[in-house]
Amino acid sequence: MTPQIIGTYIASLSLIIGSGFVLVGAIGLLKFNDPMTRLHAPTKVGTLGIGMLLVASVIHSFDIGRPSIHEFLIMAFLFVTAPISANFIAKVNIHRRACETPPDPSHDTTWSTLSDDLDEQAVETK
Amino acid sequence: MKRAFYWLIPHPLLTLILTITWVLLQNELSAGMLVFGFILGILIPWMTSVWWPDTPKSFHPLRMVSYSFVVIWDIIVANIEVAWIVLTVPANKLKPAWIVVPLRLRQPEAITMLAGTITLTPGTVSADLSDQGRCLLVHVLHTEDPDSIRDDIINRYEARLLEIFA
């Protein structure tokens, strides 16, 4: 067992785990029928799935003697941007009444997506 | 000395992050790249500071590191949990729920981090903020007990973020 072979095995294992999670994400997207629940599968399972694929890429690059750590940047940007797109999809669902109407907030009057007096608020905050 | 330092580098942490990002982007560690990254790390915060006038007064990087480890661990656990739910629970047996999280955090940066963390972890997506920013709306994929998830978010993440931005 040379280090190269061990590295290849670890990289392959990461690839299998990663693609498994991506597959589960796709199944979730197909299986659930409510727009809000469908949102869950890709945002969660996608992060670890793609993370494992990138780990496999890093290990392989070290294995063949051309180290690359670009992948950590991809991971960092993915983790920063994934919640934002998920948040926007959720907001669209609420706005179009495509899901159950959410309960009222316990402290303020309403949710920002549902409030229609945006102009008044802008004046207030000024 | 200290004043000169803060005049040149008003945001040391951001400068550090930008320098590291630049070196990672180039995929090589040489003195030239380090210096160029450092120059970018000074120029970019200086040029963009117009767009974020209210930066948080205090920030504890070390607590941030321990928080990151907690979150990464939770992401791994959550992924396995969600994968299990996706594969085993039939679509009509699913119990999705809305939960309302009252916020003690006030800084926009801290609330953004909390919302991001919630979206990345256990079967929850942060969906909306109330109009004055004092409540966070969270959607849960499958739960029997929404209140325990709300308490979990408050005790596990919000408490730590309050310490980071304390």
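**View 1. Strand 2 meets strand 3 in chain B.** Strand 2 (residues 124–129) of chain B pairs with strand 3 of chain B in the antiparallel sense over five bridges. Strands here are DSSP runs of E with at least two residues, helices are runs of H or I with at least four, and both are numbered from the N terminus; two strands pair if DSSP finds at least two bridges between them. This is a predicted model, in which local features need pLDDT of at least 70 and side-chain atom pairs count only at pLDDT 80 or more, while totals for chains, interfaces and linings use all residues. Residues are numbered from 1 along each chain as its sequence is written, and chains are lettered from A and ligands numbered from 1 in the order in which they are written. Look for B:V125, which stands opposite B:H139 in strand 3 of chain B. The two strands form a hairpin with five residues between them, and B:G133 in the turn has a positive phi of about 75°.

**View 2. Strand 1 pairs with strand 3 in chain B.** Six bridges join strand 1 (residues 97–102) of chain B to strand 3 of chain B, and the two run antiparallel.

**View 3. Strand 3 of chain B, covered on both faces.** In a regular strand the side chains alternate between the two faces of the sheet. Here B:C135, B:L137 and B:H139 are buried on one side, and B:L136, B:V138 and B:V140 on the other. A residue is buried if 20 or more other C-beta atoms, placed from the backbone, lie within 10 Å of its own. Six of the six residues of strand 3 (residues 135–140) are buried, so the strand is largely enclosed by the rest of the structure.

**View 4. Helix 5 of chain B.** The 13 residues of helix 5 (residues 108–120) should span 18 Å at 1.5 Å a residue, and its end C-alpha atoms are 18 Å apart, which agrees. The expected span is 1.5 Å times one less than the number of residues. Among the buried residues of this helix are B:I111, B:L114, B:A115 and B:I118.

**View 5. The chains behind the close-ups.** Chain B holds six helices and three strands, in the order α-α-α-α-β-α-β-β-α from the N terminus. Of its 166 residues, 29% count as buried. Chain A has four helices and zero strands, and 27% of its 126 residues count as buried.

Conventions. A residue is buried if 20 or more other C-beta atoms lie within 10 Å of its own, exposed if 12 or fewer, and partly exposed in between; C-beta atoms are placed from the backbone.
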